[in-house]
Amino acid sequence: MQVIAKSRPVASPPKAAGHLVRDGAGLVLILAAGAAGYWLFPDNLALLTRVIAIALLVLSLDLLVGYCGVASLGQATLFGAGAYAAGMACLRGVTEPMTLIAIGAVAGACAGLVMGTIMLRAHGLAQLVLSIAIVQLAHEAANKASAYTGGSDGLAGFSPSPLFGTFEFDLWGRTAYLFGLGLLVLVFIALKFVVASPFGVLCRGIKEDPVRIRSMGAFVFPVLLKMFVISGAVAGMGGALAAISTQVVGLDSVSFELSANSLVMLVLGGLGSLYGALIGTVIFMGFEHVVSAINPFHWMTMVGALLIAVVLVAPGGLGGLVSRLRPRLRGRNGEQP
Amino acid sequence: MSELFRVEGLSKSFGGLAVSREIDLAMNAGDRLALIGPNGAGKTTFVNLVTGQLRPSSGRVVLNGEDVTGLGAVRRVRKGLVRTFQVTRLFSDLTPEEHVTLTVLQRLGRATRIIGRFRGDAEVSAEVESLLRTLGLLDVARRKVGEIAYGQQRLLEIAIALALKPKVLLLDEPAAGVPSTETPRIEQALEHLPPSLAVLMIEHDMDLVFRFARRVVVLAAGEIIFEGLPSDVAANEKVREAYLGNYAHARRVA
(Lines give C-alpha, C1' and ligand atoms only; values in the text may rest on other atoms or scores of the structure.)
Protein backbone atom coordinates (compact mmCIF):
# COMPACT_ATOMS: atom_id res chain seq x y z
CA MET A 1 0.00 0.00 0.00
CA GLN A 2 1.12 3.52 -0.76
CA VAL A 3 2.41 5.60 2.06
CA ILE A 4 0.49 8.81 2.43
CA ALA A 5 2.89 10.87 4.45
CA LYS A 6 6.01 10.62 2.37
CA SER A 7 8.74 12.94 3.48
CA ARG A 8 8.64 15.81 1.10
CA PRO A 9 10.32 19.17 0.87
CA VAL A 10 8.35 21.86 2.65
CA ALA A 11 6.12 23.84 0.30
CA SER A 12 7.80 26.79 -1.33
CA PRO A 13 7.73 30.09 0.59
CA PRO A 14 4.59 32.19 0.20
CA LYS A 15 4.21 34.19 -2.97
CA ALA A 16 3.47 37.32 -0.93
CA ALA A 17 6.59 38.99 -2.29
CA GLY A 18 5.39 38.39 -5.84
CA HIS A 19 2.03 39.96 -5.02
CA LEU A 20 3.71 43.01 -3.54
CA VAL A 21 5.85 43.47 -6.64
CA ARG A 22 2.84 43.08 -8.92
CA ASP A 23 0.66 45.47 -6.90
CA GLY A 24 3.52 47.94 -6.67
CA ALA A 25 3.90 47.83 -10.44
CA GLY A 26 0.13 48.25 -10.79
CA LEU A 27 0.20 51.35 -8.60
CA VAL A 28 3.06 52.84 -10.61
CA LEU A 29 1.03 52.22 -13.77
CA ILE A 30 -2.04 53.92 -12.30
CA LEU A 31 0.01 56.93 -11.25
CA ALA A 32 1.76 57.05 -14.63
CA ALA A 33 -1.58 56.90 -16.45
CA GLY A 34 -2.90 59.61 -14.15
CA ALA A 35 0.10 61.86 -14.78
CA ALA A 36 -0.11 61.21 -18.52
CA GLY A 37 -3.76 62.28 -18.46
CA TYR A 38 -2.78 65.47 -16.64
CA TRP A 39 -0.08 66.44 -19.17
CA LEU A 40 -1.66 65.13 -22.37
CA PHE A 41 -5.24 66.35 -21.90
CA PRO A 42 -5.03 69.61 -19.92
CA ASP A 43 -8.30 70.79 -21.49
CA ASN A 44 -10.20 67.64 -20.53
CA LEU A 45 -9.44 67.44 -16.83
CA ALA A 46 -13.12 67.75 -15.90
CA LEU A 47 -13.87 64.64 -17.95
CA LEU A 48 -10.89 62.81 -16.46
CA THR A 49 -12.05 63.67 -12.95
CA ARG A 50 -15.45 62.27 -13.87
CA VAL A 51 -13.67 59.10 -15.02
CA ILE A 52 -12.03 58.81 -11.60
CA ALA A 53 -15.34 59.31 -9.77
CA ILE A 54 -16.98 56.63 -11.92
CA ALA A 55 -13.93 54.38 -11.46
CA LEU A 56 -14.62 54.49 -7.72
CA LEU A 57 -18.22 53.47 -8.45
CA VAL A 58 -17.09 50.58 -10.65
CA LEU A 59 -14.51 49.49 -8.05
CA SER A 60 -17.28 49.42 -5.44
CA LEU A 61 -19.39 47.28 -7.76
CA ASP A 62 -16.47 44.90 -8.32
CA LEU A 63 -16.36 44.28 -4.56
CA LEU A 64 -19.93 42.97 -4.70
CA VAL A 65 -20.13 41.32 -8.11
CA GLY A 66 -16.54 40.23 -8.60
CA TYR A 67 -15.65 39.19 -5.07
CA CYS A 68 -18.99 38.15 -3.55
CA GLY A 69 -21.10 37.10 -6.53
CA VAL A 70 -23.88 39.52 -5.58
CA ALA A 71 -25.54 40.75 -8.76
CA SER A 72 -26.51 44.42 -8.67
CA LEU A 73 -28.00 46.81 -11.19
CA GLY A 74 -28.55 49.49 -8.58
CA GLN A 75 -25.06 50.51 -7.54
CA ALA A 76 -25.71 54.18 -8.35
CA THR A 77 -27.91 54.27 -5.24
CA LEU A 78 -24.72 54.26 -3.18
CA PHE A 79 -22.93 56.70 -5.49
CA GLY A 80 -25.92 59.06 -5.38
CA ALA A 81 -26.15 58.84 -1.59
CA GLY A 82 -22.55 60.05 -1.34
CA ALA A 83 -23.06 62.77 -3.97
CA TYR A 84 -26.22 64.20 -2.38
CA ALA A 85 -24.82 63.97 1.14
CA ALA A 86 -21.67 65.86 0.11
CA GLY A 87 -23.70 68.43 -1.87
CA MET A 88 -26.15 69.05 0.97
CA ALA A 89 -23.37 69.30 3.54
CA CYS A 90 -21.50 71.78 1.36
CA LEU A 91 -24.63 73.92 0.94
CA ARG A 92 -24.99 73.95 4.73
CA GLY A 93 -21.49 75.26 5.28
CA VAL A 94 -19.30 72.15 5.53
CA THR A 95 -16.95 73.00 2.70
CA GLU A 96 -13.68 71.27 3.60
CA PRO A 97 -13.09 68.78 0.74
CA MET A 98 -11.66 65.94 2.85
CA THR A 99 -14.59 66.22 5.24
CA LEU A 100 -16.98 66.16 2.30
CA ILE A 101 -15.38 62.95 1.03
CA ALA A 102 -15.74 61.46 4.51
CA ILE A 103 -19.40 62.52 4.60
CA GLY A 104 -19.92 60.89 1.20
CA ALA A 105 -18.27 57.70 2.47
CA VAL A 106 -20.47 57.55 5.56
CA ALA A 107 -23.63 58.26 3.57
CA GLY A 108 -22.68 55.59 1.03
CA ALA A 109 -21.89 53.10 3.80
CA CYS A 110 -25.27 53.72 5.44
CA ALA A 111 -27.02 53.33 2.09
CA GLY A 112 -25.00 50.13 1.58
CA LEU A 113 -26.16 48.81 4.94
CA VAL A 114 -29.82 49.36 4.03
CA MET A 115 -29.43 48.12 0.47
CA GLY A 116 -27.53 45.02 1.59
CA THR A 117 -30.06 44.19 4.27
CA ILE A 118 -32.80 44.22 1.63
CA MET A 119 -30.93 42.62 -1.28
CA LEU A 120 -29.36 39.78 0.71
CA ARG A 121 -32.81 38.43 1.52
CA ALA A 122 -33.00 37.24 -2.09
CA HIS A 123 -30.73 35.39 -4.48
CA GLY A 124 -29.92 35.44 -8.18
CA LEU A 125 -32.49 37.01 -10.44
CA ALA A 126 -34.72 38.17 -7.58
CA GLN A 127 -31.71 39.92 -6.07
CA LEU A 128 -31.01 41.67 -9.36
CA VAL A 129 -34.62 42.83 -9.60
CA LEU A 130 -34.48 44.11 -6.02
CA SER A 131 -31.40 46.17 -6.87
CA ILE A 132 -33.23 47.76 -9.80
CA ALA A 133 -36.23 48.49 -7.59
CA ILE A 134 -33.99 50.11 -4.98
CA VAL A 135 -32.25 52.44 -7.43
CA GLN A 136 -35.61 53.42 -8.96
CA LEU A 137 -37.00 54.15 -5.49
CA ALA A 138 -33.90 56.17 -4.58
CA HIS A 139 -34.22 58.08 -7.86
CA GLU A 140 -37.86 58.84 -7.18
CA ALA A 141 -37.12 59.86 -3.60
CA ALA A 142 -34.40 62.26 -4.79
CA ASN A 143 -36.83 63.65 -7.35
CA LYS A 144 -39.70 64.17 -4.89
CA ALA A 145 -37.72 65.47 -1.92
CA SER A 146 -36.90 68.62 -3.86
CA ALA A 147 -36.67 70.71 -0.69
CA TYR A 148 -33.46 68.86 0.12
CA THR A 149 -32.25 67.59 -3.23
CA GLY A 150 -33.39 70.27 -5.64
CA GLY A 151 -35.57 67.68 -7.40
CA SER A 152 -35.08 67.54 -11.15
CA ASP A 153 -32.98 70.73 -11.08
CA GLY A 154 -30.49 69.07 -8.81
CA LEU A 155 -28.25 70.67 -6.22
CA ALA A 156 -26.10 73.58 -7.30
CA GLY A 157 -24.58 76.75 -6.00
CA PHE A 158 -22.20 75.22 -3.49
CA SER A 159 -18.47 75.56 -3.61
CA PRO A 160 -15.95 73.60 -1.61
CA SER A 161 -13.21 75.50 0.17
CA PRO A 162 -9.59 75.19 -1.04
CA LEU A 163 -7.93 71.83 -0.52
CA PHE A 164 -5.75 71.84 2.62
CA GLY A 165 -6.71 75.53 2.84
CA THR A 166 -4.34 76.37 -0.06
CA PHE A 167 -5.34 74.82 -3.37
CA GLU A 168 -8.43 76.44 -4.92
CA PHE A 169 -10.70 74.30 -7.06
CA ASP A 170 -9.78 76.12 -10.25
CA LEU A 171 -11.70 76.57 -13.48
CA TRP A 172 -9.51 74.10 -15.36
CA GLY A 173 -10.12 71.39 -12.80
CA ARG A 174 -6.45 70.78 -12.00
CA THR A 175 -6.93 70.65 -8.24
CA ALA A 176 -10.03 68.48 -8.54
CA TYR A 177 -8.22 66.06 -10.85
CA LEU A 178 -5.13 65.67 -8.69
CA PHE A 179 -7.31 65.42 -5.59
CA GLY A 180 -9.35 62.69 -7.29
CA LEU A 181 -6.26 60.84 -8.45
CA GLY A 182 -4.83 60.85 -4.92
CA LEU A 183 -8.14 59.60 -3.54
CA LEU A 184 -8.34 56.84 -6.12
CA VAL A 185 -4.82 55.63 -5.37
CA LEU A 186 -5.47 55.58 -1.61
CA VAL A 187 -8.76 53.73 -2.03
CA PHE A 188 -7.15 51.28 -4.42
CA ILE A 189 -4.36 50.46 -1.96
CA ALA A 190 -6.87 50.05 0.87
CA LEU A 191 -9.03 47.73 -1.26
CA LYS A 192 -6.01 45.64 -2.25
CA PHE A 193 -5.48 44.99 1.47
CA VAL A 194 -9.18 44.25 1.98
CA VAL A 195 -9.35 41.64 -0.78
CA ALA A 196 -6.11 40.02 0.40
CA SER A 197 -7.34 39.79 4.00
CA PRO A 198 -8.98 36.68 5.47
CA PHE A 199 -12.28 38.51 4.95
CA GLY A 200 -11.50 38.92 1.25
CA VAL A 201 -10.74 35.23 0.77
CA LEU A 202 -13.88 34.32 2.71
CA CYS A 203 -15.89 36.48 0.31
CA ARG A 204 -14.40 34.66 -2.69
CA GLY A 205 -15.42 31.40 -1.07
CA ILE A 206 -18.96 32.66 -0.56
CA LYS A 207 -19.07 33.68 -4.21
CA GLU A 208 -18.33 30.14 -5.30
CA ASP A 209 -20.35 28.14 -2.79
CA PRO A 210 -22.18 29.61 0.22
CA VAL A 211 -23.27 26.14 1.37
CA ARG A 212 -19.64 25.09 1.60
CA ILE A 213 -18.78 28.21 3.60
CA ARG A 214 -21.58 27.47 6.06
CA SER A 215 -20.37 23.91 6.48
CA MET A 216 -16.98 25.41 7.38
CA GLY A 217 -18.79 27.08 10.27
CA ALA A 218 -18.92 30.63 8.88
CA PHE A 219 -22.05 32.77 8.61
CA VAL A 220 -22.64 34.20 5.16
CA PHE A 221 -25.05 37.10 5.69
CA PRO A 222 -22.93 39.29 8.03
CA VAL A 223 -19.89 38.86 5.78
CA LEU A 224 -21.79 39.99 2.69
CA LEU A 225 -23.41 42.84 4.61
CA LYS A 226 -19.97 44.02 5.68
CA MET A 227 -18.89 44.05 2.04
CA PHE A 228 -22.02 46.06 1.15
CA VAL A 229 -20.98 48.67 3.72
CA ILE A 230 -17.41 48.82 2.36
CA SER A 231 -18.74 48.98 -1.18
CA GLY A 232 -21.13 51.76 -0.17
CA ALA A 233 -18.30 53.77 1.37
CA VAL A 234 -16.24 53.50 -1.83
CA ALA A 235 -19.16 54.39 -4.10
CA GLY A 236 -20.11 57.23 -1.74
CA MET A 237 -16.60 58.67 -2.00
CA GLY A 238 -16.96 58.53 -5.80
CA GLY A 239 -20.24 60.43 -5.54
CA ALA A 240 -18.73 63.00 -3.20
CA LEU A 241 -15.79 63.49 -5.57
CA ALA A 242 -18.21 64.05 -8.45
CA ALA A 243 -20.12 66.58 -6.35
CA ILE A 244 -16.96 68.44 -5.29
CA SER A 245 -15.45 68.56 -8.78
CA THR A 246 -18.58 69.55 -10.74
CA GLN A 247 -20.27 71.48 -7.93
CA VAL A 248 -23.54 70.07 -9.16
CA VAL A 249 -25.49 66.99 -8.07
CA GLY A 250 -28.18 65.82 -10.45
CA LEU A 251 -30.73 63.01 -10.57
CA ASP A 252 -28.49 61.17 -13.05
CA SER A 253 -26.11 60.37 -10.18
CA VAL A 254 -28.75 58.05 -8.70
CA SER A 255 -30.09 56.58 -11.92
CA PHE A 256 -30.62 53.11 -13.28
CA GLU A 257 -28.66 54.12 -16.36
CA LEU A 258 -25.54 54.91 -14.37
CA SER A 259 -25.95 51.63 -12.46
CA ALA A 260 -26.23 49.64 -15.67
CA ASN A 261 -23.32 51.48 -17.27
CA SER A 262 -21.13 50.76 -14.27
CA LEU A 263 -21.89 47.05 -14.62
CA VAL A 264 -21.07 47.23 -18.34
CA MET A 265 -17.74 48.90 -17.53
CA LEU A 266 -16.96 46.22 -14.98
CA VAL A 267 -17.73 43.38 -17.40
CA LEU A 268 -15.72 45.16 -20.07
CA GLY A 269 -12.67 45.40 -17.81
CA GLY A 270 -13.07 42.08 -16.05
CA LEU A 271 -14.49 41.00 -12.70
CA GLY A 272 -12.72 40.31 -9.46
CA SER A 273 -9.29 41.91 -9.85
CA LEU A 274 -9.87 45.63 -9.11
CA TYR A 275 -7.64 46.40 -12.13
CA GLY A 276 -10.46 45.35 -14.44
CA ALA A 277 -12.72 47.97 -12.88
CA LEU A 278 -10.20 50.71 -13.69
CA ILE A 279 -9.46 49.44 -17.19
CA GLY A 280 -13.15 49.05 -18.01
CA THR A 281 -14.03 52.55 -16.80
CA VAL A 282 -11.22 54.23 -18.74
CA ILE A 283 -11.95 52.31 -21.96
CA PHE A 284 -15.73 52.75 -21.77
CA MET A 285 -15.65 56.45 -20.98
CA GLY A 286 -12.78 57.15 -23.34
CA PHE A 287 -14.55 55.30 -26.12
CA GLU A 288 -17.80 57.08 -25.33
CA HIS A 289 -16.05 60.46 -25.45
CA VAL A 290 -14.20 59.85 -28.70
CA VAL A 291 -16.94 58.04 -30.59
CA SER A 292 -19.70 60.43 -29.53
CA ALA A 293 -17.59 63.29 -30.87
CA ILE A 294 -17.08 61.51 -34.20
CA ASN A 295 -20.65 60.30 -34.56
CA PRO A 296 -23.09 61.73 -32.04
CA PHE A 297 -26.00 59.69 -33.43
CA HIS A 298 -24.63 56.18 -33.50
CA TRP A 299 -22.09 56.09 -30.71
CA MET A 300 -24.19 53.80 -28.53
CA THR A 301 -24.21 51.32 -31.42
CA MET A 302 -20.43 51.39 -31.45
CA VAL A 303 -20.28 50.90 -27.69
CA GLY A 304 -22.65 47.94 -28.05
CA ALA A 305 -20.47 46.44 -30.78
CA LEU A 306 -17.36 46.88 -28.63
CA LEU A 307 -19.06 45.15 -25.74
CA ILE A 308 -20.16 42.20 -27.86
CA ALA A 309 -16.64 41.88 -29.28
CA VAL A 310 -15.09 41.88 -25.80
CA VAL A 311 -17.56 39.36 -24.39
CA LEU A 312 -16.98 37.01 -27.34
CA VAL A 313 -13.21 37.39 -27.67
CA ALA A 314 -12.26 37.93 -24.03
CA PRO A 315 -15.00 36.58 -21.73
CA GLY A 316 -12.86 37.49 -18.70
CA GLY A 317 -12.88 41.14 -19.76
CA LEU A 318 -9.96 43.16 -21.07
CA GLY A 319 -8.16 42.83 -17.74
CA GLY A 320 -8.62 39.06 -17.96
CA LEU A 321 -7.15 39.10 -21.46
CA VAL A 322 -3.95 40.62 -20.10
CA SER A 323 -3.53 37.96 -17.43
CA ARG A 324 -4.34 35.22 -19.97
CA LEU A 325 -1.65 36.44 -22.31
CA ARG A 326 0.97 36.88 -19.61
CA PRO A 327 2.01 33.21 -19.30
CA ARG A 328 2.51 33.05 -23.09
CA LEU A 329 4.66 36.15 -23.09
CA ARG A 330 6.69 34.76 -20.21
CA GLY A 331 7.07 31.44 -21.99
CA ARG A 332 8.54 33.29 -24.92
CA ASN A 333 11.16 34.81 -22.65
CA GLY A 334 12.16 31.32 -21.61
CA GLU A 335 10.77 31.60 -18.07
CA GLN A 336 8.66 28.99 -16.36
CA PRO A 337 4.99 29.77 -16.88
CA MET B 1 -16.49 5.33 26.53
CA SER B 2 -19.10 7.96 27.18
CA GLU B 3 -21.83 8.78 24.73
CA LEU B 4 -20.93 11.72 22.51
CA PHE B 5 -23.73 11.97 20.05
CA ARG B 6 -27.28 10.69 19.79
CA VAL B 7 -30.30 11.10 17.54
CA GLU B 8 -33.73 10.21 18.86
CA GLY B 9 -36.81 9.51 16.77
CA LEU B 10 -35.51 11.57 13.86
CA SER B 11 -38.16 11.79 11.12
CA LYS B 12 -38.55 13.83 7.98
CA SER B 13 -41.24 13.82 5.35
CA PHE B 14 -41.52 15.84 2.17
CA GLY B 15 -45.22 16.24 1.54
CA GLY B 16 -46.60 12.77 2.20
CA LEU B 17 -43.34 10.99 1.54
CA ALA B 18 -41.42 9.90 4.61
CA VAL B 19 -37.70 9.89 3.85
CA SER B 20 -36.54 9.37 7.43
CA ARG B 21 -38.54 7.44 9.98
CA GLU B 22 -37.95 7.37 13.69
CA ILE B 23 -34.20 6.97 13.42
CA ASP B 24 -32.43 6.31 16.72
CA LEU B 25 -28.67 6.18 16.78
CA ALA B 26 -25.95 6.80 19.34
CA MET B 27 -22.20 7.19 18.94
CA ASN B 28 -19.29 7.28 21.36
CA ALA B 29 -15.94 8.97 21.00
CA GLY B 30 -13.74 6.86 18.77
CA ASP B 31 -16.64 5.12 17.02
CA ARG B 32 -16.20 3.97 13.43
CA LEU B 33 -19.66 3.48 12.05
CA ALA B 34 -20.71 2.80 8.47
CA LEU B 35 -24.16 3.76 7.25
CA ILE B 36 -25.14 1.73 4.23
CA GLY B 37 -28.31 1.11 2.29
CA PRO B 38 -29.70 0.97 -1.23
CA ASN B 39 -30.01 4.13 -3.34
CA GLY B 40 -32.77 6.38 -2.11
CA ALA B 41 -32.70 4.89 1.38
CA GLY B 42 -32.32 8.35 2.89
CA LYS B 43 -28.64 8.27 3.86
CA THR B 44 -27.73 11.74 2.67
CA THR B 45 -31.04 13.06 4.04
CA PHE B 46 -29.98 11.66 7.38
CA VAL B 47 -26.68 13.53 7.20
CA ASN B 48 -28.53 16.70 6.20
CA LEU B 49 -30.87 16.32 9.17
CA VAL B 50 -28.03 15.71 11.59
CA THR B 51 -25.93 18.63 10.38
CA GLY B 52 -28.82 21.07 10.14
CA GLN B 53 -29.07 21.55 6.37
CA LEU B 54 -32.60 20.15 6.76
CA ARG B 55 -35.03 20.61 9.61
CA PRO B 56 -36.49 17.35 10.93
CA SER B 57 -40.27 16.92 11.11
CA SER B 58 -39.76 15.44 14.55
CA GLY B 59 -37.01 14.05 16.73
CA ARG B 60 -33.88 15.36 18.42
CA VAL B 61 -30.17 15.62 17.74
CA VAL B 62 -28.04 15.63 20.88
CA LEU B 63 -24.35 16.46 20.91
CA ASN B 64 -22.34 16.14 24.13
CA GLY B 65 -25.56 16.05 26.14
CA GLU B 66 -26.82 19.27 24.53
CA ASP B 67 -29.91 19.36 22.32
CA VAL B 68 -28.76 21.00 19.07
CA THR B 69 -31.95 20.34 17.07
CA GLY B 70 -32.90 24.03 17.17
CA LEU B 71 -29.50 25.23 15.97
CA GLY B 72 -28.65 26.06 12.37
CA ALA B 73 -25.96 24.35 10.33
CA VAL B 74 -23.25 26.92 11.15
CA ARG B 75 -23.69 26.68 14.92
CA ARG B 76 -23.62 22.89 14.77
CA VAL B 77 -20.32 22.99 12.92
CA ARG B 78 -18.94 25.29 15.61
CA LYS B 79 -20.01 22.77 18.23
CA GLY B 80 -18.07 20.02 16.48
CA LEU B 81 -20.60 18.36 14.18
CA VAL B 82 -18.87 18.37 10.81
CA ARG B 83 -19.61 16.76 7.45
CA THR B 84 -18.08 16.22 4.04
CA PHE B 85 -20.06 16.20 0.82
CA GLN B 86 -20.92 13.33 -1.50
CA VAL B 87 -20.17 15.52 -4.50
CA THR B 88 -17.04 17.58 -3.87
CA ARG B 89 -17.86 21.16 -2.96
CA LEU B 90 -14.64 23.10 -3.26
CA PHE B 91 -13.64 26.52 -4.56
CA SER B 92 -12.09 25.83 -7.93
CA ASP B 93 -10.28 29.17 -7.84
CA LEU B 94 -8.51 28.62 -4.51
CA THR B 95 -5.61 26.31 -3.67
CA PRO B 96 -5.77 23.46 -1.13
CA GLU B 97 -3.58 25.56 1.13
CA GLU B 98 -6.03 28.46 0.93
CA HIS B 99 -8.97 26.15 1.66
CA VAL B 100 -7.39 24.77 4.81
CA THR B 101 -6.01 28.15 5.92
CA LEU B 102 -9.46 29.70 5.57
CA THR B 103 -10.97 26.86 7.58
CA VAL B 104 -8.40 27.12 10.36
CA LEU B 105 -8.83 30.91 10.51
CA GLN B 106 -12.58 30.41 10.70
CA ARG B 107 -12.22 27.98 13.59
CA LEU B 108 -10.06 30.54 15.40
CA GLY B 109 -12.69 33.22 14.75
CA ARG B 110 -10.38 35.22 12.49
CA ALA B 111 -11.82 34.59 9.05
CA THR B 112 -13.87 37.80 8.99
CA ARG B 113 -10.96 40.11 9.75
CA ILE B 114 -10.35 42.90 7.27
CA ILE B 115 -7.08 43.99 8.84
CA GLY B 116 -4.24 41.53 8.39
CA ARG B 117 -2.89 39.28 5.68
CA PHE B 118 -4.50 35.97 4.86
CA ARG B 119 -1.16 34.22 5.24
CA GLY B 120 1.50 35.27 7.67
CA ASP B 121 0.57 33.69 10.99
CA ALA B 122 3.27 31.10 11.64
CA GLU B 123 1.10 28.98 13.92
CA VAL B 124 -1.71 28.78 11.40
CA SER B 125 0.71 27.99 8.56
CA ALA B 126 2.29 25.21 10.61
CA GLU B 127 -1.09 23.66 11.34
CA VAL B 128 -2.14 23.91 7.70
CA GLU B 129 1.09 22.36 6.51
CA SER B 130 0.84 19.53 8.99
CA LEU B 131 -2.73 18.74 7.91
CA LEU B 132 -1.84 18.83 4.25
CA ARG B 133 1.14 16.58 4.91
CA THR B 134 -0.98 14.06 6.82
CA LEU B 135 -3.30 13.80 3.84
CA GLY B 136 -0.51 13.73 1.28
CA LEU B 137 -1.54 17.03 -0.29
CA LEU B 138 1.63 19.02 0.28
CA ASP B 139 2.74 18.55 -3.32
CA VAL B 140 -0.35 20.21 -4.70
CA ALA B 141 -0.81 22.71 -1.85
CA ARG B 142 -0.39 25.70 -4.15
CA ARG B 143 -2.15 24.44 -7.24
CA LYS B 144 -5.68 25.60 -8.00
CA VAL B 145 -8.19 22.99 -6.88
CA GLY B 146 -9.64 22.85 -10.37
CA GLU B 147 -6.28 21.47 -11.56
CA ILE B 148 -5.73 18.65 -9.06
CA ALA B 149 -6.92 15.04 -9.34
CA TYR B 150 -10.36 14.10 -8.10
CA GLY B 151 -8.94 11.77 -5.49
CA GLN B 152 -6.92 14.66 -4.13
CA GLN B 153 -10.02 16.82 -4.04
CA ARG B 154 -11.73 14.14 -1.94
CA LEU B 155 -8.75 14.15 0.42
CA LEU B 156 -8.98 17.93 0.62
CA GLU B 157 -12.62 17.59 1.69
CA ILE B 158 -11.40 15.49 4.60
CA ALA B 159 -8.59 17.95 5.36
CA ILE B 160 -11.10 20.81 5.57
CA ALA B 161 -13.31 18.78 7.89
CA LEU B 162 -10.36 17.92 10.15
CA ALA B 163 -9.21 21.55 10.23
CA LEU B 164 -12.43 22.28 12.11
CA LYS B 165 -11.32 19.92 14.90
CA PRO B 166 -14.64 18.07 14.90
CA LYS B 167 -16.00 15.79 17.60
CA VAL B 168 -18.32 13.96 15.24
CA LEU B 169 -17.44 13.61 11.57
CA LEU B 170 -19.95 12.54 8.95
CA LEU B 171 -18.31 11.38 5.73
CA ASP B 172 -20.71 11.23 2.81
CA GLU B 173 -19.21 8.67 0.43
CA PRO B 174 -15.58 9.76 0.76
CA ALA B 175 -14.47 7.46 -2.05
CA ALA B 176 -17.33 8.16 -4.48
CA GLY B 177 -16.14 8.73 -8.03
CA VAL B 178 -12.51 8.13 -7.16
CA PRO B 179 -10.63 5.89 -9.60
CA SER B 180 -9.58 2.61 -8.01
CA THR B 181 -5.91 3.53 -8.27
CA GLU B 182 -6.50 6.39 -5.86
CA THR B 183 -8.76 4.67 -3.33
CA PRO B 184 -5.86 3.31 -1.24
CA ARG B 185 -4.89 6.87 -0.41
CA ILE B 186 -8.42 7.65 0.78
CA GLU B 187 -8.44 4.46 2.80
CA GLN B 188 -5.15 5.40 4.37
CA ALA B 189 -6.48 8.83 5.25
CA LEU B 190 -9.50 7.22 6.91
CA GLU B 191 -7.25 4.92 8.93
CA HIS B 192 -5.31 7.91 10.19
CA LEU B 193 -8.29 9.91 11.45
CA PRO B 194 -7.82 11.07 15.06
CA PRO B 195 -8.65 8.10 17.33
CA SER B 196 -11.00 10.03 19.62
CA LEU B 197 -13.14 11.26 16.73
CA ALA B 198 -16.56 9.66 16.27
CA VAL B 199 -16.89 8.90 12.57
CA LEU B 200 -19.99 7.99 10.62
CA MET B 201 -19.31 7.06 7.02
CA ILE B 202 -21.78 6.56 4.23
CA GLU B 203 -20.23 4.26 1.65
CA HIS B 204 -21.24 1.93 -1.14
CA ASP B 205 -17.89 0.22 -1.50
CA MET B 206 -18.35 -2.77 0.80
CA ASP B 207 -14.64 -3.62 0.90
CA LEU B 208 -13.99 -0.17 2.33
CA VAL B 209 -16.88 -0.57 4.77
CA PHE B 210 -15.56 -3.87 6.08
CA ARG B 211 -12.06 -2.54 6.53
CA PHE B 212 -13.09 0.72 8.15
CA ALA B 213 -16.20 0.10 10.23
CA ARG B 214 -16.53 -1.58 13.56
CA ARG B 215 -20.29 -1.19 13.45
CA VAL B 216 -22.69 -1.10 10.51
CA VAL B 217 -26.13 0.47 10.31
CA VAL B 218 -28.35 -0.37 7.34
CA LEU B 219 -30.96 2.15 6.25
CA ALA B 220 -33.79 1.23 3.90
CA ALA B 221 -36.77 3.39 2.96
CA GLY B 222 -35.86 5.83 5.70
CA GLU B 223 -35.63 3.42 8.62
CA ILE B 224 -32.92 1.45 10.30
CA ILE B 225 -33.35 -2.24 9.52
CA PHE B 226 -30.07 -3.51 10.88
CA GLU B 227 -27.46 -2.43 13.38
CA GLY B 228 -24.56 -4.64 14.34
CA LEU B 229 -21.20 -6.07 13.43
CA PRO B 230 -19.95 -5.85 9.85
CA SER B 231 -19.54 -9.62 9.79
CA ASP B 232 -23.26 -10.16 10.47
CA VAL B 233 -24.66 -7.78 7.93
CA ALA B 234 -24.47 -9.96 4.84
CA ALA B 235 -26.29 -12.83 6.53
CA ASN B 236 -29.21 -10.69 7.66
CA GLU B 237 -32.47 -11.51 5.93
CA LYS B 238 -33.93 -8.00 6.08
CA VAL B 239 -30.80 -6.51 4.58
CA ARG B 240 -30.85 -8.98 1.73
CA GLU B 241 -34.47 -8.11 1.01
CA ALA B 242 -33.70 -4.41 1.09
CA TYR B 243 -30.95 -4.75 -1.45
CA LEU B 244 -33.16 -6.93 -3.62
CA GLY B 245 -35.69 -4.15 -3.76
CA ASN B 246 -38.53 -4.87 -1.34
CA TYR B 247 -37.67 -1.78 0.66
CA ALA B 248 -36.39 0.27 -2.18
CA HIS B 249 -39.69 2.04 -2.76
CA ALA B 250 -40.49 4.46 -0.01
CA ARG B 251 -43.89 3.74 1.45
CA ARG B 252 -46.50 6.45 1.68
CA VAL B 253 -47.36 7.69 5.12
CA ALA B 254 -50.81 6.44 6.06
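Just after helix α4 of chain B, B:Gly136 takes a positive phi of about 70°, where helices (H or I, at least four residues) and strands (E, at least two) are DSSP runs numbered from the N terminus. This is a predicted model, in which local features need pLDDT of at least 70 and side-chain atom pairs count only at pLDDT 80 or more, while totals for chains, interfaces and linings use all residues. Residues are numbered from 1 along each chain as its sequence is written, and chains are lettered from A and ligands numbered from 1 in the order in which they are written.

Within α4(B), the residues B:Val128, B:Leu131 and B:Leu132 are buried; a residue is buried if 20 or more other C-beta atoms lie within 10 Å of its own, exposed if 12 or fewer, and partly exposed in between, with C-beta atoms placed from the backbone. These three cover an arc of only 95° around the axis, and therefore they sit on the same side of α4(B), the arc being that of the directions from the helix axis to the C-beta atoms. The face turned away from this buried side carries the exposed residues B:Ala122, B:Glu123 and B:Ala126.

What covers the buried residues of α4(B) includes α3 (96-107) and α5 (150-163) of chain B. One residue of helix α3 of chain B is B:Glu97, which counts as buried because 23 other C-beta atoms lie within 10 Å. Leaving out residues up to four places away in sequence, B:Glu97 touches B:Val128, B:Leu132, B:Ala141 and B:Arg142, where two residues are in contact if their C-beta atoms, placed from the backbone, lie within 7 Å. B:Glu97 and B:Ser125 are 28 residues apart in sequence, and their C-alpha atoms are 8.9 Å apart in space.

In the loop between β6 (81-83) and α3 of chain B lies B:Thr95, which counts as partly exposed because it has 19 C-beta neighbours inside 10 Å. Apart from its neighbours within four places in sequence, B:Thr95 is in contact with B:Ala141, B:Arg142, B:Arg143, B:Lys144 and B:Val145.

We can now turn to the domains of chain B. The domain assignment, which is automatic or taken from a database, gives domain 1 (1-80 + 166-254) and domain 2 (93-165), and the C-alpha centres of the two lie 26 Å apart. Between them, 13 residues of domain 1 of chain B are in contact with 12 residues of domain 2 of chain B. On the domain 1 side, the largest share, three residues, comes from helix α6 (residues 183-191) of chain B, and the residues of that side divide into nine nonpolar, two polar and two charged. In this classification, Ala, Val, Leu, Ile, Met, Phe, Trp, Tyr, Cys and Pro count as nonpolar, Asp, Glu, Lys and Arg as charged, and the others, Gly among them, as polar.

A nonpolar core is a set of buried Ala, Val, Leu, Ile, Met, Phe, Trp, Tyr and Cys residues joined through C-beta atoms within 7 Å. The largest such core has 168 residues, of which A:Leu56 and B:Ala159 touch the most other members, and its largest share, 17 residues, comes from helix α2 (residues 45-68) of chain A. Both domain 1 and domain 2 of chain B give residues to this core, so it lies between them. Not counting residues up to four places away in sequence, B:Ala159 touches B:Val100, B:Leu131, B:Leu132, B:Leu135 and B:Leu137.

Finally, chain A has 14 helices and two strands, and buried residues make up 45% of its 337 residues. The contact between the chains takes 30 residues from chain A and 41 residues from chain B. On the chain A side, α7 (174-196), α8 (198-208) and α9 (210-215) each supply at least two residues, and the largest share, seven residues, comes from α8(A). By class, this side of chain A has 18 nonpolar, six polar and six charged residues.
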